[in-house]
Amino acid sequence: MKISRLGERTDEIIPKVLEAGAAVVEDKVRSNLSAVVGKNTKEESRSTGQLLRSLGTSKALQDKNGDFNIKVGFAEDRSDGVSNAMLASVIEYGKSGQPPKPFMKSAKTQSRSACVQTMISKLESEVDKI
């Protein structure tokens, strides 16, 4: 019944719902990343905060199949020329001499139910406005 009330406004409402859910996930990733960067290292941390600042959410866009997608990830503009994606991968999975400090996978698991609930609430509020 609620979906039938959406009518032609689905393309307007779905991005809002996805953005609400992505905000929950981004907050958890940011929290987890802050908790692991520079912690329990053999040497003094060289963290500049660039990785944390580059964390963000893309706009919800529709692909060629008509599906909406949104991504939480890292922008690629660092002053030292190192890729943020590579740096995040090293932190997440580790490397020789550096143990893994998973923050993305745990954020996905930890924020799943809160994300779903937020998206449900946002969808219901948008449908009620119609």
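This is a predicted model: local features need pLDDT of at least 70, side-chain atom pairs count only at pLDDT 80 or more; totals for chains, interfaces and linings use all residues.
Reader: How many aromatic pairs does a search of the whole structure find?

Author: Rings are judged by the separation of their centres and by the angle between their planes, and planes over 60 degrees apart count as edge-to-face. Here the search of the whole structure finds one aromatic pair. Its members are Phe74 and Phe103, with 6.3 Å centre to centre and 75° between the planes, an edge-to-face arrangement.

Reader: Are Phe74 and Phe103 buried or exposed?

Author: Both Phe74 and Phe103 are buried.

Reader: Which residues make up the largest nonpolar core?

Author: In soluble globular proteins, nonpolar side chains tend to be buried together. In this model, the largest such core has 10 residues. Phe74 and Phe103 are among them, together with Val29, Leu33, Val36, Leu51, Leu55, Ala88, Ile91 and Ala107.

Reader: Which elements give two or more residues to this core?

Author: Those elements are α2 (10-36) and α4. Helix α2 provides the largest share of the core, three residues.

Reader: Let us turn to charged side chains. How many salt bridges does the structure hold?

Author: A salt bridge is read from the separation between a side-chain nitrogen of Lys or Arg and a carboxyl oxygen of Asp or Glu, with a cut-off of 4 Å. The structure holds four salt bridges. One of them brings Lys16 and Glu12 together at 3.8 Å, N to O. Both residues lie in helix α2, four residues apart, about one turn of the helix.

Reader: What is the accessibility of Lys16 and of Glu12?

Author: Lys16 counts as partly exposed, at 31% relative accessibility. Glu12 also counts as partly exposed, at 39%.

Reader: Which residue forms a salt bridge with Lys16 at 3.7 Å?

Author: That partner is Glu126, the distance being taken between the closest N and O atoms. This pair links distant parts of the chain, since Glu126 lies in helix α5 and Lys16 in helix α2, 110 residues apart. Glu126 counts as buried because its relative accessibility is 2%, and buried means under 20%.

Reader: What is the N to O distance between Glu26 and Arg30?

Author: The side chains of Glu26 and Arg30 meet in a salt bridge at 2.8 Å, N to O. Both lie in helix α2, four residues apart, about one turn of the helix. Glu26 counts as buried, at 15% relative accessibility, whereas Arg30 is partly exposed, with a relative accessible area of 27%.

Reader: Where is Gln50 found?

Author: Gln50 is found in helix α3 (residues 50-54). At 15% relative accessibility, Gln50 counts as buried. Apart from neighbours within four places in sequence, Gln50 is in contact with Arg78 and Ser79.

Technical notes: Residues are numbered from 1 along each chain as its sequence is written. Side-chain values use heavy atoms; hydrogens and water are left out. Rings of Phe, Tyr and Trp (its six-membered ring) pair if their centres lie within 6.5 Å; planes under 30 degrees apart count as stacked, over 60 as edge-to-face and the rest as tilted. Buried means under 20% relative accessible area, exposed over 50%, partly exposed in between (1.4 Å probe, protein chains only). A nonpolar core is a set of buried Ala, Val, Leu, Ile, Met, Phe, Trp, Tyr and Cys residues joined through side-chain atoms within 4.5 Å. Contact means heavy atoms within 4.5 Å.
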